[in-house]
Amino acid sequence: CSHRPQTTYCIECTQSYCEDCSTKKHTSQEFEAHRRIPSSGSINPIKCAQHKQDVLRFCCDCNKGVCVTCSLDGKCKSHQLVGFESLADKQRLILHDNMRKMYQEWTRVNDLISKTAVAINEVQEHSNH
């Protein structure tokens, strides 16, 4: 793709492609589910500070992204490693659960506010009689 502008970025491959190469690579059943986004060619994958390779996985023990070398031969080889998509899915579930809990609490507080307003009105009515 060095001779054409890289206009598409594949999230799963973590690589930019020209339109033709992106289409050719992602027509096979193995790659067709990959999510691709438009790119100006300026998306640069995060690099491992130690090995200068693309960060492809997340180390749950160290709480950082790791490259292939770190995951196979480095200090993270015996750690729990997950793909970024899996990590994002887990974070979405946590976020959804937290939002559900916040909504339940908001509903409870609104109910208390309504009950308090009714109680205030009743007190005011009794004090006027």
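## A buried histidine

Histidine 34 is buried, with a relative accessible area of 19%. Buried means under 20% relative accessible area, exposed means over 50%, and partly exposed lies in between (1.4 Å probe, protein chains only). Histidine 34 sits in the loop between helix 1 (19-25) and strand 3. Helices (H or I, at least four residues) and strands (E, at least two) are DSSP runs, numbered from the N terminus. Not counting residues up to four places away in sequence, histidine 34 touches Cys10, Glu12, Cys13 and His26. Contact means heavy atoms within 4.5 Å.

This is a predicted model: local features need pLDDT of at least 70, side-chain atom pairs count only at pLDDT 80 or more, and totals for chains, interfaces and linings use all residues. Residues are numbered from 1 along each chain as its sequence is written, and side-chain values use heavy atoms, with hydrogens and water left out.

## Sheet 2-1-3

An open sheet of 3 strands runs in the order 2-1-3, with antiparallel pairing. Strand 2 (15-17) and strand 3 (36-38) stand at the edges with a single partner strand each, so one side of each has no neighbour in the sheet. From one strand to the next, the twist averages 30 degrees. Axes are lines fitted to C-alpha atoms, for helices over the stretch in contact, and angles run from 0 to 180 degrees between N-to-C directions.

Strand 1 (residues 8-10) is joined to strand 2 by 3 bridges, and the two run antiparallel. Two strands pair if DSSP finds at least two bridges between them. Threonine 8 has tyrosine 17 as its bridge partner in strand 2.

## Serine 22 in helix 1

Serine 22 belongs to helix 1. Its relative accessibility is 0%, so serine 22 counts as buried. Which residues does serine 22 contact, leaving aside its neighbours within four places in sequence? They are Thr8, Tyr17 and Arg36. Thr8 and Tyr17 are also bridge partners.

Strand 4 and strand 6 pair in the antiparallel sense over 3 bridges. In strand 6, glycine 83 is the bridge partner of arginine 57.

## Phenylalanine 84

Phenylalanine 84 lies in helix 3 (residues 84-128). It is partly exposed, at 35% relative accessible area. Leaving aside neighbours within four places in sequence, phenylalanine 84 is in contact with Val55, Leu56, Arg57, Phe58 and Gly65. Cysteine 70 is 14 residues from phenylalanine 84 in sequence and 16 Å from it in space, C-alpha to C-alpha.

## The largest pocket

The largest pocket has a volume of about 310 Å³. On a 1 Å grid over the protein atoms alone, a pocket is an open set of points where a 1.4 Å probe fits, with protein on both sides within 12 Å along at least five of seven lines. Grid points are joined across faces, edges and corners, and a volume is the space filled by probe spheres set on the points.

Lining residues have an atom within 4 Å of a point. Here they are Tyr9, Ile11, Glu12, Thr14, Pro45, Ile46, Val55, Leu56, Phe84 and Glu85. The lining divides into 7 nonpolar, 1 polar and 2 charged residues. Ala, Val, Leu, Ile, Met, Phe, Trp, Tyr, Cys and Pro count as nonpolar, Asp, Glu, Lys and Arg as charged, and the others, Gly among them, as polar.

## Exposed loop residues

Lysine 52 has a phi near 60 degrees, a positive value in a residue other than glycine. Asparagine 63 likewise has a phi near 60 degrees. Most residues other than glycine have a negative phi. Lysine 52 lies in the loop between strand 3 and strand 4 (57-59). It is exposed, at 59% relative accessible area. Asparagine 63 lies in the loop between strand 4 and strand 5 (64-66). Asparagine 63 is exposed, with a relative accessible area of 59%.

Aspartate 73 is in the loop between helix 2 (68-72) and strand 6 (81-83). At 62% relative accessibility, aspartate 73 counts as exposed. Aspartate 97 is 24 residues away along the chain, and the two C-alpha atoms are separated by 36 Å.
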